[in-house]
Amino acid sequence: MSNTQEFKIGTDLYSIPADRFYGRENHMWASFDHVTGNVTIGMDALGLAALGDLAYVSLQPAGTKVERGESLGTLEAAKMTGDLTSPISGEIVERNDLTVRNPALVNQETYTNGWLVVIKPSNWENESAQMVNVDELPAWVDSELKRYRQQGWID
Amino acid sequence: MKPIRLINLGAVPPWQTQAIYHALAERMDDEAQDTIVLCRPNEPYLCLGYHQVFESIFDPAECARRGLPVYRRRLGGGATYLDENQIFYQCIFHHTHLPVMLKDIYSSALAAPVNTLRGLGLSAELRETNEIEVNGRRIAGTGGGRIEDAAIVVGNILFDFDYEAMTAVWQTPWPSFRLLAQKALHQRIITMKDLAMNVSMEQVTDLLIESFATSMGRELELGELTPEEWQAAEEEAKELASPDYLALHKTNSSPEPMRTLKISARAFIRYDEVQMDGYGVRGSFWLSDDVIQEVILQSTPERDWSFEEEKLRGILFSDWKENIEL
């Protein structure tokens, strides 16, 4: 399969790379580093398409322990706030202060410099198995777009 | 789907106007009823957006001198001065009962206040995702957030606005910043009083109720808060006004005053400074789409900057330093 899943909302084209895992509901991506054993976390294009341009990002500091589903920090777009929930459990070992200072980076460089935190995972094998993997990606993107249309009135 | 519960509180103490919707959001689950709260504060107070730094926005001494309590909401947007001349509408829905796309969440929740204003014969429009304007000027503050399983949209309708109180409590970097902000606020905001609307708060409340029923396409059921919800709201109020919560996002002991202030979607006040040929130049700028509409320059040592001020009008803010020649 292609190493990037592309989709359109309106006239805007978005992409979802197939080289990482995705949270089924929270639209966070997780990329495992085979050298360090750590996982880089960011927000995916489907989640960002629903929000638009981010105005604020706040992130928990390094050393914070999080469980899957707990908050890694918060975001704000168009005067609306929300939690950034962790797709995995572990300890935050690094946070990207560049995205705190310049939240637009998350929109502009979603899968590279727009990462949010690096987590030392405590249960990667089990938790990554519950995330969307490369084989499931096309069907998951389609079902999420369908949900957006049903619930979200996108054209 | 269950009918929407409508809670019409009327004039209530400030804490209730913030704490109740937070408490309802915290308790939202698959079984909970979507709720719309209508209310207004019976005394003035200040409310800080979730991501704002208190000391960068408000002058604590001036807030205390005026006896204005401050709450931080878990929703976005900027700091606001709120009082009995504003009607609040607060939609607390299960997130699956509102659209996914943020702009659609706003358009579905804010259709009712827009239609209410139109019902009064005003040319109201929803612009820039979440700004309700009449005659091209903002007549409402809005904000929102996702708390647990709840999606929340809140807003108000301005009957009158205390410009003096709002601008007096701002922590501004320089007096000229406050001056421009006051001017922009007067130009960009509009109230029912400005529009000479002879309409009571009760009439507008009734129209809002009708409009919500129509725009949401669901039955509205008049309801009350349960004792458990009241108790949860009292706990929320303590949290929203607690020193620890107000100090959120403070990264050092003496935060700098704000350098950017949003007045409306198309009006920002910004502060900047530059050292130039022996002058320390400080500028306060009124921007629209990043273009300078008005500027006040001051310097140490003092100098007459009126020629440069005139020259900077219409220039992109990012280019202002290059456009000053001594």
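Helix axes are lines fitted to C-alpha atoms over the stretch in contact, and the angle between two of them runs from 0 to 180 degrees between N-to-C directions. The model described here is predicted.

In chain B, helix α1 (residues 14–26) packs against helix α8 (residues 227–240). Their axes lie 7 Å apart and meet at an angle of about 115 degrees. Angles of 65 to 115 degrees count as roughly perpendicular, so α1(B) is roughly perpendicular to α8(B). The crossing of this pair is right-handed. On the α1(B) side, the contact is made by B:Trp15, B:Gln16, B:Gln18, B:Ala19, B:Ile20, B:His22, B:Ala23, B:Leu24 and B:Glu26. The residues they meet in α8(B) are B:Glu229, B:Ala232, B:Ala233, B:Glu236, B:Ala237 and B:Leu240. By class, the contact of α1(B) with α8(B) holds 9 nonpolar, 3 polar and 3 charged residues.

Helix α4(B) contributes B:Ala111, B:Ala112, B:Pro113, B:Asn115, B:Thr116 and B:Gly119 to the contact. Helix α7(B) contributes B:Val204, B:Leu207, B:Leu208, B:Ser211, B:Phe212 and B:Ser215. The contact of α4(B) with α7(B) includes 7 nonpolar and 5 polar residues, with no charged ones.

Chain B as a whole contains 10 helices and 16 strands. Its radius of gyration is 21 Å, close to the 20 Å that the globule rule gives for 326 residues, so chain B is as compact as a globular protein of that length. Along the principal axes, the C-alpha atoms of chain B fill a box of roughly 70 × 45 × 35 Å. Of its 326 residues, 42% count as buried.

Chain A has 155 residues. Its secondary structure comes to 5 helices and 11 strands. The radius of gyration of chain A is 15 Å, which agrees with the value near 15 Å for a compact globule of 155 residues. A box of roughly 45 × 35 × 25 Å, taken along the principal axes, holds the C-alpha atoms of chain A. Buried residues make up 42% of chain A. Of the contacts in chain A with a separation of 6 or more, 58% link residues 24 or more positions apart.

One buried position in chain A is A:Val106, in helix α3 (residues 104–108). A residue is buried if 20 or more other C-beta atoms lie within 10 Å of its own. A:Val106 has 26 such neighbours, so it counts as buried. Beyond its neighbours within four places in sequence, A:Val106 is in contact with A:Met43, A:Leu48, A:Leu54, A:Val57, A:Thr99 and A:Gly114. The C-alpha atoms of A:Val106 and A:Thr74 are separated by 13 Å, and these residues are 32 apart along the chain.

The two chains also touch. The contact takes 20 residues from chain A and 21 residues from chain B. On the chain A side, α1 (45–51), β6 (54–59), β8 (71–77), β9 (80–85) and α5 (137–152) each supply at least two residues. That side of chain A has 9 nonpolar, 7 polar and 4 charged residues.

How values were computed
Residues numbered from 1 in each chain as written. Chains lettered and ligands numbered in written order. Predicted model: local features only at pLDDT ≥ 70, side-chain atom pairs only at ≥ 80, totals over all residues. Helix = DSSP H or I, 4+ residues; strand = E, 2+ residues; numbered from the N terminus. Parallel < 35°, antiparallel > 145°, perpendicular 65-115°, else oblique. Left-handed = near helix turned anticlockwise from the far one by under 90°. Contact = placed C-beta atoms within 7 Å. Nonpolar A, V, L, I, M, F, W, Y, C, P; charged D, E, K, R; others polar. Rg over C-alpha atoms; globule rule 2.2 N^0.38 Å. Buried ≥ 20, exposed ≤ 12 C-beta atoms within 10 Å, placed from the backbone.
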